[in-house]
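Student: I have a model open and would like to work through it residue by residue. Shall we start?

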Amino acid sequence: MKDIHKLLQNNREWADRIEKEDPEFFHQLAKQQHPEYLWIGCSDSRVPANQIIGMAPGEVFVHRNVANVVVHTDLNCLSVIQYAVDQLKVKHILIVGHYGCGGVHASLNNTRVGLADNWLRHVGDVAQKHAAIMDAIEEPELKHARLCELNVIEQVVNACRSTIVQDAWARGQKLMVHGWVYSLKDGRVREMGIDVGAPEELQAAYEKALSYVPRHGRRD
């Protein structure tokens, strides 16, 4: 319980500090949120959405899961997307992976981690789909980085093909879906070259993104 009490003490100190720095902060935060961004990222504790892009609380709607996967059977993720798009009217969906992802690493190396093995099968499917790229890379770290990138690209496609995003575009709602990968080594985000704002843009954006994925050498 000592560790939990420390967290509560940290919270009190943080709240007091924020109140002194900006007396209106919590008053404004308590009002209805109006974020323009939905961040779908990995659950990894080293990847804090707001801090990475320098946004304040209330400015980014966030969903996280192991290996930043977007699949059409995950009602949790789809519910977040639906609420963000239909209710909050976000303008951008950011699918954000990160180099050094433990989930991607486990999938790549067929490492058993438990129940999550079934979830990570989606990442394994990405590796199989792009076997020509993956098999051409011998160095393990580079292979891991490539799968992190390919996984993001494929999850952007999945998000774009969801009925939620398709319906938003059909009614003329302005909505962009982007693919990024964050590097733990320097704190910078790498764009994957896939930015989609309409159904007819998806295939060309997908092919462009794949053409940017290095067949060898470094990107992270």
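Student: Is Leu150 buried or exposed?
Tutor: This is a predicted model, so the value is computed from predicted coordinates. Leu150 lies in helix H9. Its relative accessible area is 0%. The cut-off for buried is under 20%, so Leu150 is buried.

Student: Which residues is Leu150 in contact with, leaving aside its neighbours within four places in sequence?
Tutor: Contact here means heavy atoms within 4.5 Å. With the sequence neighbours within four places set aside, the list is Val126, His130, Ile133, Met134, Leu210 and Val213.

Student: How far apart in space are Leu150 and Lys129?
Tutor: In sequence, 21 residues separate the two. From C-alpha to C-alpha, the distance between Leu150 and Lys129 is 9.7 Å.

Student: At what angle do helices H9 and H10 pack?
Tutor: H9 covers residues 140–161 and H10 covers residues 163–170. Their axes are 4 Å apart. The angle is about 60°, which makes H9 oblique to H10.

Student: Which residues of H10 does H9 meet, and how does the contact divide by residue type?
Tutor: From H9 come Ala159, Cys160 and Arg161. In H10 they meet Thr163, Val165, Gln166 and Trp169. The residues of this contact divide into 4 nonpolar, 2 polar and 1 charged.

Student: Where is Asn65 found, and is Asn65 buried or exposed?
Tutor: Asn65 sits in strand E2, residues 60–65. Its relative accessibility is 9%. That falls under the 20% cut-off, so Asn65 counts as buried.

Student: Which backbone nitrogen does the side chain of Asn65 reach?
Tutor: The distance is 3.2 Å. A polar contact needs N or O atoms within 3.5 Å.

Student: Which residues is Asn65 in contact with beyond four places in sequence?
Tutor: Neighbours within four places are left aside. What remains is Gly41, Cys42, Ser43, Asp74 and Trp119.

Student: How many disulfides does the count come to?
Tutor: A disulfide is a covalent bond between the sulfur atoms of two cysteines. The cut-off is a sulfur pair within 2.5 Å. For Cys42, the nearest cysteine sulfur is that of Cys101, 4.0 Å away. The count comes to 0.

Student: Which cysteine sulfur is nearest to that of Cys77?
Tutor: Cys77 counts as buried, at 1% relative accessibility. Cys77 is in no disulfide. The nearest cysteine sulfur is 13 Å away and belongs to Cys160.

Note on methods: Residues are numbered from 1 along each chain as its sequence is written. This is a predicted model: local features need pLDDT of at least 70, side-chain atom pairs count only at pLDDT 80 or more; totals for chains, interfaces and linings use all residues. Side-chain values use heavy atoms; hydrogens and water are left out. Axes are lines fitted to C-alpha atoms, for helices over the stretch in contact, and angles run from 0 to 180 degrees between N-to-C directions. Helices (H or I, at least four residues) and strands (E, at least two) are DSSP runs, numbered from the N terminus. Angles under 35 degrees count as roughly parallel, over 145 as roughly antiparallel, 65 to 115 as roughly perpendicular and the rest as oblique. Ala, Val, Leu, Ile, Met, Phe, Trp, Tyr, Cys and Pro count as nonpolar, Asp, Glu, Lys and Arg as charged, and the others, Gly among them, as polar. Buried means under 20% relative accessible area, exposed over 50%, partly exposed in between (1.4 Å probe, protein chains only). A polar contact is a pair of N or O atoms within 3.5 Å; within protein, one must be able to donate a hydrogen and the other to accept it, and residues adjacent in sequence count only if both atoms are side-chain atoms.
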